[in-house]
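Please keep the sequence and the model in view while reading.

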Amino acid sequence: MVRDVKMLSALIRRRYREGASLAVVARELGVSKSTVRRHVPAQERRDAAAAARQRHRSRAQTPYEKALRAQVVRLYRSGMPQQRVAATLGISVEAVVARLEPSQRRSRQEAARLSVEQQGDLLPKEEIVAWYVQGATMTELGKLYGVHPSTIRRRIPDDLIRGRAPGPRPRSRRVLVEEEVRRRYVAGESAYALAREFGVSVHTVRARIPAADWRGRPAEEASAPPPRSAQPGTGGVRMVLVLSDEEILARYRAGQSATAIGRAAGVDCRTILRRIPEHERRSHLQAQRLNRPAPDVDADTIRALRARGLTWEAIAAETGLSAKTIRARA
């Protein structure tokens, strides 16, 4: 009995060292996996990753695995995509990829090109031509067969294309007659409609119409720059404003902001600030205090009104501010 145990232990260790897994050794010797594990020293046992690699190598040597790999390679080399190979053999796409060497796999561009070619070969050309001759459009046929209309177009001979005469299509260009353009424009047609009909730009049509008949803004007014005049002593050109520099300075000193003056003059506030001397410009805090509505209504005033029993809305109506501003100042 002892001798049989020693022989079993030696056989288990030899088969395990050869690469067989615990399950394979147990199945071959007719014992349980726990018995095999008990006879294999702990220092000789493979970890999970090594055991998985060993199982993969052992499985690859089985007749079934060799036959499956050969079928996968044969079908894939015949032009089938990975999804169709997997459906044919009844396995997953991942299993197909695992049985293909990296050098055997197609690139994305090659796979896309092959897919388009195979999809086009599967289309029934005679049936497509028959449907088209009966009156179906390329868009409808594309939706029917699940392809782009241009794919349908390539299956139809040129002499059957509707709306196109055999041979090269002549380009028809209308001669731009100035008298006809003027007459039709004066009659009420727009320059855009005339430009589309004659195949020219709107500017070309505009050049054929006298300025007196043109319904839009005159060209010289559209291209004329805003009036400017040179100011002596400035060394450059300054814009002519509705307000003079003296009036701008007087309004600014009276308390108006540069934004308000610029709004009245129709210019930007920075243009107004350039008319004001540097030493007279207000700082940010000064402008904030000056432009603050009802500056005399401070926190003490609001508390006094609240002590009299007034609500926020009543204080806002009395001071001319909003209730939100009253709460923020309190």
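A crossing of two helices is left-handed if the near helix is turned anticlockwise from the far one by less than a right angle, and right-handed if clockwise. The structure is a predicted model, in which local features need pLDDT of at least 70 and side-chain atom pairs count only at pLDDT 80 or more, while totals for chains, interfaces and linings use all residues. Residues are numbered from 1 along each chain as its sequence is written, and side-chain values use heavy atoms, with hydrogens and water left out.

**The chain as a whole**

- The chain has 22 helices and 2 strands; helices (H or I, at least four residues) and strands (E, at least two) are DSSP runs, numbered from the N terminus.
- Of the chain's 330 residues, 26% count as buried, where buried means under 20% relative accessible area, exposed over 50% and partly exposed in between (1.4 Å probe, protein chains only).
- Contact means heavy atoms within 4.5 Å. Among contacts in the chain between residues at least 6 apart in sequence, 47% join residues at least 24 apart.

**Helices α20 and α21**

- Two packed helices are described by the angle between their axes and the distance between the axes. The axes are lines fitted to C-alpha atoms, for helices over the stretch in contact, and angles run from 0 to 180 degrees between N-to-C directions.
- Helix α20 (residues 299-307) packs with helix α21 (residues 312-319) at an angle of about 125 degrees, and their axes are 10 Å apart.
- This makes α20 oblique to α21; angles under 35 degrees count as roughly parallel, over 145 as roughly antiparallel, 65 to 115 as roughly perpendicular and the rest as oblique.
- The crossing in which α20 passes α21 is right-handed.
- On the α20 side the contact is made by I302, L305 and R306, and on the α21 side by W312, I315 and E318.
- By class, this contact of α20 with α21 has 4 nonpolar, no polar and 2 charged residues. Ala, Val, Leu, Ile, Met, Phe, Trp, Tyr, Cys and Pro count as nonpolar, Asp, Glu, Lys and Arg as charged, and the others, Gly among them, as polar.

**Helices α9 and α10**

- Helix α9 (residues 125-133) and helix α10 (residues 138-145) pack at about 140 degrees, with axes 10 Å apart, and are therefore oblique to each other.
- In a right-handed crossing, α9 passes α10.
- From α9, the residues E127, I128, W131 and Y132 meet M138, L141 and Y145 of α10. By class, the contact of α9 with α10 has 6 nonpolar, no polar and 1 charged residues.

**Nonpolar cores**

- A nonpolar core is a set of buried Ala, Val, Leu, Ile, Met, Phe, Trp, Tyr and Cys residues joined through side-chain atoms within 4.5 Å.
- The largest such core has 11 residues, including L123, A136, V147 and I152.
- The elements giving two or more residues to this core are α9 and α10, and the largest share, 3 residues, comes from α10.
- Apart from this core lies another, of 10 residues, among them L241, L243, I248 and A258.

**Two individual residues**

- A328 lies in helix α22 (residues 323-329) and counts as exposed at 65% relative accessibility.
- The C-alpha atoms of A328 and A299 are separated by 9.0 Å, although these residues are 29 residues apart along the chain.
- S32 is in the loop between α2 (22-29) and α3 (33-39) and is partly exposed, with a relative accessible area of 32%.
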